[in-house]
Amino acid sequence: MSSDSAPDPFDQIEQVLASLFGAEVAGDAVGALRASGVSPEDLVRSGALPDLSQVSPGQMMALQAQMQQMMAASANETVNWTMGKDLALRTAGAQGDPVVTAAVAETTRGALRVADLWLDSVTDLMPAPGPREAWTRQQWVERTLATWQEVCAPVAEAATSALTDALQHQVEQLDATAEDEAVVRQVGALGGIMRSMAGTAFGMQLGHAVGQLAAEALSATDVGLPLTTEPGTALVPAGVADFADGLVADEEQVRLFLAVREAATARLYAHVPWLRGQVLGALEAYAREIRIDTEAVEEAVAQVDPSDPEAIRTALESGMFASQDSPAQRAALESLETLLALVEGWVEVVTARATAPHLPRAAALQEMLRRRRLAGGAAEQVFARLIGLQFRPRLVREAARLWERLGVQAGDAERDAFWLHPDVMPTAAELASPDDFLTMRRAAADMDSEIDADLASLLEGTLGYAEGVRDADTRQDAPSEEDGPAEEDGPAEE
């Protein structure tokens, strides 16, 4: 073959496969392809491989590196989290991610320390342990990604399986009319590539969504979820500055206000031991009920090059979740929305009281955050992409009203005592009538006390005894009709 002749497509295929499976396996696979009569053009048309004739030597090396990275995921790992993390970090820093200087870090720590002091006057919950920190956007990704992986694991399994089936279906079309067993073996070998493509596509979907969320993050907990595994508080100075830009309030007021919200949320998750598990459990229960629309996945994959994970990710964002309204999913969604509304409502109330004496623009800032949440920002996009959940708690205002009324009627200590156990927390039905909550709870408690007292008397054999004695005494003292009229005092007639 002359130096200026076109390269043999089979040699190029063997070169790519050798980087994935080793030279021996690649040689056998390409030998089977040559013997079976399947041409490289067939592979390109099916989408199993890119058009290698148009790939330069430099691009070939990049392609090999990309495919090796995709195949490097652990055999027992459904999703290629490594590539997902890399994309998240790139996305978070795409629009700029300023370095946190020593001065900015100290200003942030100071705001978080002041927030703790202000909150001490409005709640008995102690400050969260752990550090007070300032994060870059990429640090936000680093510190929260493990929780996102945990939350998305159930959907990742289902989505990757559906995507693998769709990709492999394209490859199997090569074998529709073939009778040579070598072709069947080659299809099986390419199935491994398809599984890696599927895991990579979902990992990139996760990474892109989390990176977008990091680009708008204000603090460690501004989405209301316990995204960190260790206690502490943190602000994202770049996000705080962007949020303050254009507002009437100056950046210092904005920073202090957001610091109080962050510190309040951190107190809940640090000192209410059941809360983190309940919130993540409700998320996972909801995610387990998600169903993948396999027809939509196959339709999306049929229109893209399956060797391009970015194209697959983009196609899947058009909608891969089937509409689902099972009783289990409704129950999980109600539990999740109620918990998140109660967290957000409590944070709103204590933040308003803690900041009112110090920040003139606190009420306006709270309203801005409410509008930001209701408009459906990055948090909603993340959940919609990853687990098909429109993240927009509907009961936040009702929850805030309930916590505010409890504080006025019963005091801060009794208000916060409802966090002691999940069984005493307000329910979704009770949030519908926040002004009547305490009255109804006290009436129910009085009724329970009466029932408990009657049950104890029944077990002791004394239920109704006192009433029975009184009735008997009354009957004994009262004259009977058979006794006739009572005799009058005085001498009897002779």
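Mentor: Let's start with a term: a residue is buried under 20% relative accessible area, exposed over 50% and partly exposed in between, using a 1.4 Å probe and protein chains only. Keep in mind that this is a predicted model, where local features need pLDDT of at least 70, side-chain atom pairs count only at pLDDT 80 or more, and totals for chains, interfaces and linings use all residues. Residues are numbered from 1 along each chain as its sequence is written, and side-chain values use heavy atoms, leaving out hydrogens and water.

Trainee: Thanks! Why is R267 called buried?

Mentor: R267 has a relative accessible area of 0%; buried means under 20%, so R267 is buried.

Trainee: And what makes R267 and D120 a salt bridge?

Mentor: The term asks for a side-chain nitrogen of Lys or Arg within 4 Å of a carboxyl oxygen of Asp or Glu. In this pair the closest N and O atoms are 3.0 Å apart, so R267 and D120 form a salt bridge. The two partners come from distant parts of the chain, 147 residues apart: R267 sits in helix α10 (residues 251-271), D120 in the loop between α6 and β1 (132-134). Helices (H or I, at least four residues) and strands (E, at least two) are DSSP runs, numbered from the N terminus.

Trainee: What separates E367 and R371 along their helix?

Mentor: About one helical turn, because they lie 4 residues apart in helix α15 (residues 362-374). R371, at 55%, is exposed, while E367, at 27%, is partly exposed.

Trainee: Which residues of α17 are buried?

Mentor: V396, A399, A400, L402, W403, L406 and G407. They lie on the same side of α17, because they cover an arc of only 160° around the axis, taken from the directions from the helix axis to the C-beta atoms.
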